[in-house]
Amino acid sequence: MINYIIRRLIQAVFVVLGVSVIIFFLLHLAPGDPARMVAGEYATEEQVDIIREQLGLNESLIIQYSIFLKNAIRGDLGTSLHFKQDNLDFILYYLPNTLKLTLAAFLVAVIGGLILGIIAGSNKNTFWDLGGMSIAVLGQSTSPVWMGIVLIFLFAVKLNILPPFGMGSWKHYILPSISLGFPQMAMIARLVRGELVEVLNMDYIKTAKAKGLTNRVVILKHALRNVLISVVTFIGMRVGVFLGGAVVTETIFGWPGMGIMLVRAVLGRDYPLVQATILIVSTLIVLINLLADISYGFINPRIQYR
Amino acid sequence: MNMRRILKSKNLVAGVILLSILLGIILLGPLVYKVDSSQQFAGKRNLPPQWFTGEKGDNMFILGTDGLGRDVAIRLMIGGRLSLAISVFAVSIALTIGIVMGLFAGYYGGWIDIVLMRFTDIQLAIPVLILAITIVAILGPNITNLIIILGFTRWVTWARIVRANVMQIKELEFIKAARAIGAPPLIIIFRHILPNIVTPIIIISSQMIGFFILMEASLSFLGLGVQPPDPSWGAMIAEGRNYILVTPWNALAPGIALMITVLALNILGDGLRDVLDPRLKNI
């Protein structure tokens with residue numbers, strides 16, 4: 001088991017390194033001269049040259065990359081061109097907001113999905129099942145892009161009970177997290193229903209029922225444990241989707257998080273900030289995937305890790 | 001595969017019908033409803049749908065106008081064409097790359113496989129949207145770039161499925177027989193293995209077209225996709241947002257259009273999966 005963890009850790013490091021390489025070289029394909037952008041419009045040629053020397057842009061790409069890497073490990077992710085601030089500080093200011101939103105959406109997806117899936121799965125082929133699964137199919141087609149608008153229109157404009165923009169009270173969390181979490185909730189619901197139906201057909205469930213346990217106990221105590229395994233695996237795979245969707249959701253709801261920041265940085269050609277943000281986001285995703293993989297080994301007693 | 005089996009899947013039938021209606025509107029509509037999608041009617045901004053209340057005849061705006069006085073209905077239709085075209089082309093690119101990579105990784109194994117898997121991990125660590133946003137920033141937002149970006153960032157999905165299937169089929173008798181008679185690897189890969197993995201490819205592709213449409217809409221919403229004056233559902237939602245208190249219809253119409261289209265594609269995908277391979281029922 002420890003071997004597995006160590007191997008995955010090394011793998012994770014390689015993946016993050018790979019991401020950094022790709023991002024670094026991608027951004028260096030970008031048109032525009034970073035030295036001139038830092039120097040400003042009115043600098044003379046000599047001043048631009050001095051800045052270029054300072055930024056180390058005259059070295060070969062490989063050397064530039066190693067400098068970038070060295071700095072990154074030490075915690076220096078560069079300076080934002082626009083905000084003239086340390087990138088890492090900037091990101092760490094906005095990251096918690098995004099994490100809060102993502103967590104809220106995550107809870108919506110998991111809890112909603114479990115409930116919907118369990119109700120549908122335990123009442124197979126009844127109204128609950130068909131109704132629930134219809135909602136799920138609809139949910140899979142949603143995207144924060146349009147769901148956010150519809151929700152804002154319904155609840156904020158027409159009914160006026162929930163705030164449409166910004167971040168503040170717990171009420172501000174409701175619409176964005178539903179917007180972001182609903183498609184995932186739909187997928188989890190379908191997954192849970194399918195797994196539950198399969199598990200309920202197994203012999204040990206029939207044994208439990210024969211023992212006289214009530215239906216609820218049977219489902220919650222015995223069947224659910226196996227279903228949870230699939231759910232955890234699935235969630236581990238979808239972290240990236242959550243964070244990606246957060247970008248759009250934040251833009252729609254004016255949520256002050258990393259998503260909006262990234263879009264503005266990209267539109268403003270603030271490459272150091274973009275680079276730093278993507279690096280941090282990817283590292284986060286890799287970490288969460290790693291945790292999911294390891295915890296999967298703990299929950300599923302049948303897996304043997306070589 | 002006979003008609004009865006196809007008709008047995010309610011999903012497939014419903015999906016095909018819904019999609020045909022949509023495609024009919026999107027592709028044929030502009031031929032009947034002859035309005036210019038970028039023409040701005042100065043005095044008639046932000047009109048609500050005039051379906052039931054407005055004047056009949058040539059000057060009726062079926063779904064109202066947007067903030068610049070352009071007809072919403074025609075923009076929905078043209079935008080739909082663009083979204084669909086972008087999606088289909090991008091899926092074609094991703095499909096081609098993904099299948100080739102998956103075939104070779106699955107058949108040869110070894111270091112090709114390992115490299116592919118590492119690359120997959122790396123690509124999956126960066127959320128699609130974020131990667132797409134970055135590349136658009138570098139290359140500039142136009143339709144061609146959009147297709148290329150979408151195609152090149154998501155081919156991994158196809159590669160993984162193809163690889164898994166190839167690894168299964170590789171061990172079957174008829175492949176071993178082909179190798180025994182000395183068939184060269186390329187022939188085995190393309191003439192024997194490929195036709196047998198068409199089914200999962202079709203299923204995945206139908207699911208991904210909807211996904212790509214949503215991606216394009218998200219990018220256009222952020223201003224990084226289809227540029228004005230070309231219409232795009234995502235961009236229309238972004239513009240309509242500003243007027244949501246006055247004429248919500250500007251933002252709702254493209255939103256509903258998006259929802260119905262992706263829904264139709266998803267139902268169709270489910271139906272295809274039901275008919276072609278019911279084992280895959282749980283995603």
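Helices (DSSP runs of H or I, at least four residues) and strands (DSSP runs of E, at least two) are numbered from the N terminus. The views show a predicted model, in which local features need pLDDT of at least 70 and side-chain atom pairs count only at pLDDT 80 or more, while totals for chains, interfaces and linings use all residues. Residues are numbered from 1 along each chain as its sequence is written, and chains are lettered from A and ligands numbered from 1 in the order in which they are written.

**View 1. Chain B as a whole.** Chain B holds 12 helices and zero strands, so that its pattern along the sequence reads α-α-α-α-α-α-α-α-α-α-α-α. Of its 283 residues, 45% count as buried, a residue being buried if 20 or more other C-beta atoms, placed from the backbone, lie within 10 Å of its own. Among the contacts in chain B with a separation of 6 or more, 73% join residues 24 or more positions apart, where contact means that the C-beta atoms of two residues, placed from the backbone, lie within 7 Å.

**View 2. The side of chain B that touches chain A.** The contact takes 40 residues from chain B and 45 residues from chain A. On the chain B side, α4 (110-125), α5 (128-139), α10 (198-221), α11 (233-241) and α12 (249-276) each supply at least two residues, and α12(B) gives the most, with nine residues. The residues of this side divide into 28 nonpolar, eight polar and four charged (Ala, Val, Leu, Ile, Met, Phe, Trp, Tyr, Cys and Pro count as nonpolar, Asp, Glu, Lys and Arg as charged, and the others, Gly among them, as polar).

**View 3. The largest nonpolar core.** A nonpolar core is a set of buried Ala, Val, Leu, Ile, Met, Phe, Trp, Tyr and Cys residues joined through C-beta atoms within 7 Å. Of the 144 residues in the largest one, L262(A), I130(B), A132(B), I133(B), F212(B), M215(B) and I237(B) touch the most other members. Helix α3 (residues 72-108) of chain B gives the most to this core, with 19 residues. Not counting residues up to four places away in sequence, L262(A) touches V247(A), V274(A), T277(A), I130(B) and I133(B).

**View 4. Helices α3 and α6 of chain B.** α3(B) and helix α6 (residues 143-153) of chain B pack with their axes, which are lines fitted to C-alpha atoms over the stretch in contact, 7 Å apart and at an angle of about 40 degrees. I86(B), F89(B), A90(B), I93(B) and A94(B) in α3(B) meet I143(B), L146(B), I147(B), L150(B), G151(B) and F152(B) in α6(B). The residues of this contact divide into 10 nonpolar, one polar and no charged.

Key. Buried ≥ 20, exposed ≤ 12 C-beta atoms within 10 Å, placed from the backbone. Axes fitted to C-alpha atoms, helices over the stretch in contact; angles between N-to-C directions.
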